[in-house]
Amino acid sequence: MKTPDKIEFGDFQTPLALAREVCALLLRQGVEPGVVVEPTCGVGAFLLAASETFPKARLLGWDINPDYVRQASAAINEAGATGRARVGRLDFFAHDWETELAALGGELLLLGNPPWVTNAAVSMLNGTNLPTKRNLHGLRGIEARTGKSNFDISEWMLIQLIRAVRGRNASLAMLCKTATARKALRFAWQNDGRIASASLYRIDAKRHFGASVDACLLLARTGQPGPLEAPVFDQLTAAEPRSTFGLAGRDLVADIRVYRKLRHLEGLCPYQWRSGLKHDCGSVMELEAAGPGFFRNKLGQEFGLESDFVFPLLKCSDLAKGRVEARRFVLVPQRRVNEDTGYLERQAPQIWRYLDSHRRLFADRKSSIYKNRPAFAIFGVGDYAFAPWKVAVSGLHLPPRFVLLGPVDNRPVMLDDTCYFLPFASENEAKVVANLLNSPPCQRFIASLTFGDSKRPVTVDLLQRLNFAALAQETGLTRAWQTARNAVLSSAEYQANPQPELVLAGAARND
């Protein structure tokens, strides 16, 4: 069991055997450093391995933990490398790395294993082992408040080191989560980090660290700008890469080779993808049927509720399994975001009393997005949520399965916020779109874009890259798709009022 202090500092000490494997790989790759720098040296496994592999190199190691500094110094002394090594205490986040590294001459190797912990995890422990807060990736307000701003501390550290050696010939070899390595490279590629070459070597984190995460060695050479791609090897001793990911426009793609063959399927999506309902109060909002007009919540309580505000619900696991029969329900107190829920006291007094009796649970919701909102507020709600037909997909499962959903007992099916969907007024258009999305070309294209180790591999940003006209042409469904869309656009309902999204079947306004 890791102690809170160890969690705060992302303390996964590198086994000496693994450190030696990494250094052996560096030697095979032609890395011959004059100076080896380990910014977070821990007990000194990498310093010791580097002293064996690179006998002429100077060794510089730092750590914030004074006990580790003493242990690392003792290990270096015992190895007989004291004359060319220096180990000291240092706070990574308060240090001027650009000045520090600029003062070092010779071929430079930045080596190590920065902490495997997120800023959110440290904050939950009231920890202070954090960099100065800043919007590193320029996120919009709602994104920064709903999770996209959470990042691994090692991502921030890697970016600082890449910045510090920008334009200088150096090597960087760091153990980290695979997703963190990709994010660091994306930042460097997008911000002229002068990455001459880069590659990832997967490691067995469960065996080496007892951690169930996808981890790797990130190896990068800096100096002059190189290709915006990086091969991925299955292990440190692999001779051939399994795949190559890279930067395509603003985003990373998992397989740059396949992507280039299918890039004609990317373009302006004619639809607006939506996420499902977000309420963060599942114990109250998600229900089971308990008899006509009665429902049971996750707390085991039964209540009589007005059915006009209760809808069938599907989750990502349902979609991944192709399950379209809803076994649970969700209470939807608003028709649009920020709608005043006070009307429920008059129109649905049973629901009002039910929600009011659980007001404390709503007040305890952690996310700041609910601050200064109406009572019992939810997100992911609008006209589109009440569309009779939907094509929906789980954001958490691969390969993606796009499921056609129709009304149940004349009630639209709702999705939770782990799902994405397109809303449709027309069953025919929804069917054609589902066929396009499940077609082999579309599935191959999505596979080239998605990373299997991502917590949410399918996102709105990814789905908005799909060019439906190109997909229709690729699959021979151009006539069927255009006929379905024209039928909607020429309908009397659309001609009378072309703006509402339910009539336009989820189409983007430029249609």
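Trainee: How many bridges join β6 to strand β8, and do they run parallel or antiparallel?
Mentor: Two bridges, and the strands run parallel. Strand β8 covers residues 229-233. Keep in mind that this is a predicted model.

Trainee: Which residue of β8 stands opposite Leu200?
Mentor: Val232.

Trainee: What about β7, parallel or antiparallel to β6?
Mentor: Antiparallel. Eight bridges pair β6 with β7, which spans residues 215-222. Ser197 faces Arg221 of β7 there.

Trainee: What holds paired strands together in general?
Mentor: Backbone hydrogen bonds, in either a parallel or an antiparallel arrangement.

Trainee: Back to β6. Is it mostly covered or mostly open?
Mentor: Mostly covered. Strand β6 runs over residues 195-203, and seven of its nine residues are buried.

Trainee: New topic. In what order do the six strands of the open sheet come?
Mentor: β14-β13-β12-β16-β15-β19, with mixed pairing. The edge strands are β14 (302-304) and β19 (414-415), and each of them pairs on one side only.

Trainee: Which helix packs on that sheet?
Mentor: Helix α15, residues 349-357. It touches β12 (286-289), β13, β14 and β16 (328-331).

Trainee: And what angle does its direction make with that of β16?
Mentor: About 90°.

Trainee: Say a bit about β13 and β14. How many bridges join them?
Mentor: Three, and the two strands run antiparallel. Strand β13 is residues 294-297.

Trainee: Which residue in β14 stands opposite Phe295?
Mentor: Phe303.

Conventions: Residues numbered from 1 in each chain as written. Predicted model: local features only at pLDDT ≥ 70, side-chain atom pairs only at ≥ 80, totals over all residues. Heavy atoms only, no water. Buried < 20%, exposed > 50% of the residue type's maximum accessible area, 1.4 Å probe, protein only. Helix = DSSP H or I, 4+ residues; strand = E, 2+ residues; numbered from the N terminus. Pairing = 2+ DSSP bridges. Contact = heavy atoms within 4.5 Å. Axes fitted to C-alpha atoms, helices over the stretch in contact; angles between N-to-C directions.
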